[in-house]
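Let's take a walk through this model and see how its chains meet. Have the structure open as you read.

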There are 4 protein chains.
Amino acid sequence: VRTSLTRERIEFLTEDYRRGFIKHCGLEAVRVKRGLFESHVLIGTHHRTQDNFIHAGLMATMADHTAGYAAFTMVSEEFRILTIEFKINFLKPAFGDALRCRSRVMSKGRQIIVATSKLYDMRKDHETRVAEAIITLMAVPGEKIAGA
Amino acid sequence: VRTSLTRERIEFLTEDYRRGFIKHCGLEAVRVKRGLFESHVLIGTHHRTQDNFIHAGLMATMADHTAGYAAFTMVSEEFRILTIEFKINFLKPAFGDALRCRSRVMSKGRQIIVATSKLYDMRKDHETRVAEAIITLMAVPGEKIAGA
Amino acid sequence: VRTSLTRERIEFLTEDYRRGFIKHCGLEAVRVKRGLFESHVLIGTHHRTQDNFIHAGLMATMADHTAGYAAFTMVSEEFRILTIEFKINFLKPAFGDALRCRSRVMSKGRQIIVATSKLYDMRKDHETRVAEAIITLMAVPGEKIAGA
Amino acid sequence: VRTSLTRERIEFLTEDYRRGFIKHCGLEAVRVKRGLFESHVLIGTHHRTQDNFIHAGLMATMADHTAGYAAFTMVSEEFRILTIEFKINFLKPAFGDALRCRSRVMSKGRQIIVATSKLYDMRKDHETRVAEAIITLMAVPGEKIAGA
């Protein structure tokens, strides 16, 4: 049976989401369900390009990291999630005040998990999808990756 | 004929490389030739994951941005470069003290430019390739993208 | 305004879909709407691998070609569609009696069109999604590609 | 130590390469070394598009299948190779009389193998690279995939 996530697991993932590089980028978890993870970032000038667009690298970071946490919602606590690869298409320029990312697990095998991430640019009065990614992840028992 | 880059163009691209999000991430240009761009970043704790690896998002940012500047070396000054999409494979965990990225233009059409980026993890006594990306870019006349 | 397709255009695209390599592979168009294209193939032993699975190459061909025709439904008749690149994930082994592909245009710029293709393996009593692709296409005026 | 392949293994892989869909497409193995696999196909009208170019689907099939056999050269005989995903860029139109594909293993982990495939269009008096792919593969013990 598909059990739903415990409150403790949701709180853990919400906190664990924003550490290291992700904290440096200002990303925050905003919604956590089994197979789904959403995140948000308020855009500042340090997120932009020389032409004032939101940088593709920030969007890629958000697409990858949020997909990883969507995968975390599908595995038990002793597993870590590694990104094998991802691909992201930039559909139109992003220049708004905030970004939102919605990641969903599309397929879960014993080890390989495939997720999609959709990124939305939040402008004054509406939001529009600006990027779409497919991310291939791998669930690995924690003792196999002792950390660096 | 394939002219080489002027010293002014090299200086411009080297400075222009590190603005906004790229400055926030600490990336620096280190080598510029026609069709080739190399960058470098010293790794701090704000670049790492909760497991102390270098974050995939930083590597993706470096792969994308450096490829974009490799493309810049192939077009005249009135063009801007947009990323259409990219794909990146993470070949092994990265946990060293610095990253290096080497981007090369593989194919240049009238509008579409395809580049590859190779990322190297610089550890105590050696370096090892940790990621490889293919990036599809588009050269657009500057007046068509007025900025945000 | 978004006009719907004429009956003539639908008939043309349905016929044009299955020529050359696509005819050799046995693919057929089964549904055509603005922004949407569906195709079908009955699987024979000449579509399989040495292990009797449906070959990934057939699925990639179907994902690419059907996405191209989904793009055709969005442009006027003088345009041709070229594939710039695509990426496909194989979610589970396919071994059924037929494949179905549903391609949708996700984003249409002036030149660049991005589509997704979902592939379904049709087994005795049910069907299951076996692959998902993102395809980047380019609309080019027909006179610019005179053919080979 | 890296042992080289036995003559028997090379003969087996050369024969095994062209079965089912690959035979239907006319692809042939032409060179086999540890970590490297090359293939070839003579182009007929049944490989082309409605515009007389070589079909992207044939190139994708060749890129995927040849990469899979490059991976086969790196594992022992009880393993099978599955494609997890691939991405291919089409660098210029292909319209020649034959295609050649060179696939190399770029990275080999315990389970995950990453390879690249380069495709060359063989025209009257020269050849030119027309596509480049990255392929993510998985080595799986044969008894785990009993076939369909």
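Keep in mind that this is a predicted model. Start at the boundary between chain A and chain B: 19 residue pairs are in polar contact across it, counting pairs with both residues at pLDDT 80 or more. On chain A, the elements that give two or more residues to the side touching chain B are α2 (21-25), α3 (56-72) and β3 (79-90). Sort that side of chain A by class and you get 16 nonpolar, 14 polar and 8 charged residues.

How much of each chain takes part in the contact? Chain A brings 38 residues, and chain B brings 38 residues too. The size of an interface is often given as the accessible area lost when the parts come together. Here, about 3200 Å² is buried between chain A and chain B, with carbon and sulfur atoms giving 59% of that.

Now for the charges. There are 4 salt bridges between chain A and chain B. One to look up is A:Asp51 with B:Arg80, where the closest N and O atoms sit 2.8 Å apart.

The strands join in as well. β3(A) and β3 of chain B (residues 79-90) run antiparallel, joined by 5 bridges. If you want one to click on, A:Glu85 has B:Asn89 as its bridge partner in β3(B).

Note on methods
Residues numbered from 1 in each chain as written. Chains lettered and ligands numbered in written order. Predicted model: local features only at pLDDT ≥ 70, side-chain atom pairs only at ≥ 80, totals over all residues. Heavy atoms only, no water. Contact = heavy atoms within 4.5 Å. Buried area = accessible area lost by both parts, 1.4 Å probe. Salt bridge = Lys/Arg side-chain N within 4 Å of Asp/Glu carboxyl O. Polar contact = N/O pair within 3.5 Å; in protein donor to acceptor, adjacent residues only side chain to side chain. Helix = DSSP H or I, 4+ residues; strand = E, 2+ residues; numbered from the N terminus. Nonpolar A, V, L, I, M, F, W, Y, C, P; charged D, E, K, R; others polar. Pairing = 2+ DSSP bridges.
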